[in-house]
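Here's a quick briefing to get you oriented. Have a look at the structure first, then work through the points below.

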Amino acid sequence: MAAVDQGVGAAYLYGALGAGAALGFANLGASFGTARASMGVANLAVVDPVKIMRSIVPVVMAGILGIYGLIVAVIIQGSLSKSDYPTGAGFVHLGAGLSAGLSSLAAGLAIGIVGDTSVRAYAKQDRVFVAMILMLIFAEALGLYGLIIALLMNNAATGLISG
């Protein structure tokens with residue numbers, strides 16, 4: 001009886017770690033991206049204050065990464081409330097959380113660096129804006145890929161839980 005309880009506890013541990021990893025790593029990426037891109041916005045505000053509203057695009061895109069982690073964490077947490085939660089589902093949810101979280105962390109690093117540099121360049125040259133948006137879209141896509149894989153993995157874990 002104790003071994004069964006221990007196995008069930010481990011399953012919930014892995015699932016909870018997946019939810020925590022998704023939210024924690026995604027918010028690390030979002031916070032780094034926001035902080036780093038904001039340094040470029042502050043520089044732009046000194047050089048050309050008229051362009052401030054167009055230059056906050058990297059800050060907004062970095063903030064979206066935290067939402068990706070929140071979505072995955074909430075979905076995983078919904079599965080943790082089931083009484084028949086198998087260890088395999090816990091492992092899959094851990095992988096899903098790491099997928100979304102680490103992808104968002106990588107995207108946040110890219111958005112922060114690209115955002116800071118591009119906004120500083122945009123302060124001096126208007127033609128940089130379109131290139132900045134394109135680079136930011138490709139950086140944001142990294143986090144979106146992790147979210148998509150996490151959702152697919154959650155579907156696999158749901159199959160383990162129900163059948």
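In this predicted model, the axes of H3 and H5 come within 10 Å and cross at roughly 0°. H3 and H5 are therefore roughly parallel to each other, since angles under 35 degrees get that label.

**H3 against H5**
- On the H3 side, the contact is made by Val57, Pro58, Met61, Ala62, Ile64, Leu65, Tyr68, Ile71, Val72, Ile75 and Ser79.
- H5 brings a list of its own, including Met132, Ile133, Leu136, Glu140, Gly143, Leu147, Asn154 and Ile161.
- Sorted by class, the contact of H3 with H5 has 19 nonpolar, three polar and one charged residues.

**H3 against H4**
- H3 also packs with H4, this time at an angle of about 175°, with the axes 8 Å apart.
- Angles over 145 degrees count as roughly antiparallel, so that is how H3 and H4 run relative to each other.
- From H3, the contact uses Pro58, Met61, Ala62, Leu65, Tyr68, Val72, Ile76 and Ser79.
- Among the H4 residues that meet them are His93, Gly97, Ser104, Ala107, Gly108, Ile111 and Val119.
- The class count for the contact of H3 with H4 is 12 nonpolar, six polar and no charged residues.

**The cores**
- The largest nonpolar core has 25 residues, and Leu65, Val72 and Ile111 have the most contacts inside it.
- Helices H1 (2-47), H3 (57-80), H4 (87-124) and H5 (128-162) each give two or more residues to this core.
- Apart from it there's another core, made of seven residues, among them Ala11, Tyr85, Val92 and Ile161.
- What does Leu65 touch, leaving aside its neighbours within four places in sequence? Leu65 is in contact with Ala26, Gly29, Ala30, Ser104, Ala107, Gly108, Ile111, Glu140 and Gly143.

**Aromatic pairs**
- A search of the whole structure turns up three aromatic pairs.
- One of them joins Tyr12 and Tyr85: the ring centres are 5.2 Å apart and the planes sit at 25°, so the pair is stacked.
- Tyr12 is in helix H1 and Tyr85 is in the loop between H3 and H4, so to speak a link between distant parts of the chain, 73 residues apart.
- Is Tyr85 buried or exposed? Tyr85 counts as buried, because its relative accessibility is 3%.
- Tyr12, at 25% relative accessibility, counts as partly exposed.

How values were computed:
Residues are numbered from 1 along each chain as its sequence is written. This is a predicted model: local features need pLDDT of at least 70, side-chain atom pairs count only at pLDDT 80 or more; totals for chains, interfaces and linings use all residues. Side-chain values use heavy atoms; hydrogens and water are left out. A nonpolar core is a set of buried Ala, Val, Leu, Ile, Met, Phe, Trp, Tyr and Cys residues joined through side-chain atoms within 4.5 Å. Buried means under 20% relative accessible area, exposed over 50%, partly exposed in between (1.4 Å probe, protein chains only). Helices (H or I, at least four residues) and strands (E, at least two) are DSSP runs, numbered from the N terminus. Contact means heavy atoms within 4.5 Å. Axes are lines fitted to C-alpha atoms, for helices over the stretch in contact, and angles run from 0 to 180 degrees between N-to-C directions. Angles under 35 degrees count as roughly parallel, over 145 as roughly antiparallel, 65 to 115 as roughly perpendicular and the rest as oblique. Ala, Val, Leu, Ile, Met, Phe, Trp, Tyr, Cys and Pro count as nonpolar, Asp, Glu, Lys and Arg as charged, and the others, Gly among them, as polar. Rings of Phe, Tyr and Trp (its six-membered ring) pair if their centres lie within 6.5 Å; planes under 30 degrees apart count as stacked, over 60 as edge-to-face and the rest as tilted.
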